[in-house]
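Subject: Structure handover

Hi,

Here is the structure I promised. Please open it alongside the notes that follow.

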Amino acid sequence: HLLSPQCRAPRKLLNLFVSNLQSDSFATMALLRTEPLSVGEVAYLESGSDEGLRADGRTPSTVRSVAVQSGVLQSCHGSARAALGGTEVVVGVKVDIGTPLPHRPSEGIVDVHVETCAPSSSAAAARDTEDSCRIIAGALATALQTPSALPWKELCLVPYRQCWVLNVDGVILNDDGNVLDALAIAARAALHDTHIPRVRILESDDSGESSANGEAVDFEIDEDPRALPPIDAQNVPLAVTGALLGETIVLDPTKPEESAAKGFISVICSPDGTVRRLLQWGKAAIKPAVVSSHIQRATSLVASIAATVDSQV
C-alpha cells in the first residue's frame with residue numbers, strides 16, 4: 001500500500017539505493033576529504049580568480065555543467081539524481097498524510113532531510129557533517145515553504161485536519177563542492193517527477209475552525225500513484241552560491257576553492273528572479289557592494305539553470 005509503514009521511510013530507501021551501487025562506482029562517489037591547502041595553493045587560487053581565471057578553466061561567473069536524471073527511485077513518489085560538475089546527489093520524495101500547520105491550516109507541508117553516504121573519520125567530523133547537513137536542509141525547507149514555490153492549497157485534503165506531507169530526502173553521493181546548489185537542482189527535478197495519489201474523502205466536516213477537533217477523516221487512496229499528473233514545480237527555487245576568493249566572488253565553487261575561500265554567499269531564488277533567501281557564512285564578511293553584485297548575477301542566471309534542469313526531466 002502507498003502509505004504502508006514500509007513506504008514511509010524514504011531515508012532508508014535512499015540508503016538502500018546507495019548501498020546497492022557497485023563497489024567500483026561507490027569508490028568514485030565517496031565524499032572527498034577536505035584537505036587543508038598550503039599557503040601557495042591558496043595564493044594561486046586567489047590570484048587566479050582576481051585575474052578572471054580559475055584552476056578548471058572557468059571564469060568567475062561560470063557554473064559547471066548540470067546533468068539530471070529523474071525517476072531513479074521507483075519506491076518513491078518522485079526522485080532525481082543530479083550532477084553539478086563532480087558533485088553528485090540524489091533526492092527522493094515520499095508523500096504521507098499529516099496535520100496542517102496551525103498558521104497554514106489549508107496547505108500542505110514539506111519536511112526536508114539531508115545526509116551523506118560517506119563515513120566520518122572521527123566523532124567530531126561526524127558532528128560537523130551532521131550540522132552542515134542540517135543547515136542545508138533548513139535552507140532548502142525555507143525556500144520550498146514559500147507560498148508560491150508549490151501549489152500548497154492543492155495539497156490540503158481537509159482544512160485544519162489532514163494534508164499531504166512532502167518528505168524530501170537528499171543524499172550526497174560525491175562532494176566536489178557546492179552541494180547546496182546541487183541538492184536544490186535535484187529537489188526541483190524530483191518534485192517535477194512527484195505524483196500525488198488520488199484521494200476521495202468519504203467523510204469530512206467543512207465547517208472551518210470547528211474542524212480542528214481532531215476527529216478522524218475517512219478517505220480512499222488510489223493505488224496507482226500516477227493516476228494524476230505530477231505536481232506543479234515550475235516555481236521551485238534554486239540556489240546560486242558564490243565563494244570569496246581574494247577579492248572576487250566565484251560562482252559554483254569546487255572543493256579546493258571552498259577550502260581556500262574566506263566567505264560564502266548563496267542566493268535562493270525562484271526562476272523568475274524573486275529572491276527567497278540570502279545566506280552568508282565564512283571567516284570574512286563580504287562587502288555590501290559585492291553582495292549586491294552577486295544577487296544581480298544570481299537572479300539573471302537562475303532562469304537558465306531552471307530551464308536546463310526542466311529540459312532533462
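**Notes on the model**

Tyr 160 counts as partly exposed, because its relative accessibility is 26% (buried is under 20% relative accessible area, exposed over 50%, partly exposed in between, with a 1.4 Å probe and protein chains only). Tyr 160 is found in the loop between strand 5 and strand 6 (162-174). Helices (H or I, at least four residues) and strands (E, at least two) are DSSP runs, numbered from the N terminus. Tyr 160 is not a glycine, yet its phi is positive, at about 75 degrees.

This is a predicted model: local features need pLDDT of at least 70, side-chain atom pairs count only at pLDDT 80 or more, and totals for chains, interfaces and linings use all residues. Residues are numbered from 1 along each chain as its sequence is written, and side-chain values use heavy atoms, with hydrogens and water left out.

Asp 252 is buried, because its relative accessible area is 1%.

**The cores**

Which residues touch the most other members of the largest nonpolar core? They are Val 112, Leu 166, Ile 185 and Leu 191, in a core of 60 residues. Helix 5 (residues 179-192) supplies the largest share of this core, 11 residues. Another core, of eight residues, lies apart from it; Leu 245, Val 250, Ala 260 and Ala 261 are among them. A nonpolar core here is a set of buried Ala, Val, Leu, Ile, Met, Phe, Trp, Tyr and Cys residues joined through side-chain atoms within 4.5 Å. In soluble globular proteins, nonpolar side chains tend to be buried together.

Now the contacts of Val 112. Not counting residues up to four places away in sequence, Val 112 touches Ala 137, Leu 140, Ala 141, Leu 144 and Val 168 (contact means heavy atoms within 4.5 Å).

His 294 lies in helix 7 (residues 288-310). His 294 counts as buried because its relative accessibility is 1%. Residues up to four places away in sequence aside, His 294 touches Val 240, Thr 241, Gly 242, Ile 249, Leu 251, Ile 265 and Val 267.

Thr 146 sits in the loop between helix 4 (123-144) and strand 5 (156-158). At 11% relative accessibility, Thr 146 is also counted as buried. Beyond its neighbours within four places in sequence, Thr 146 is in contact with Arg 104, Trp 152 and Arg 276.

Best wishes
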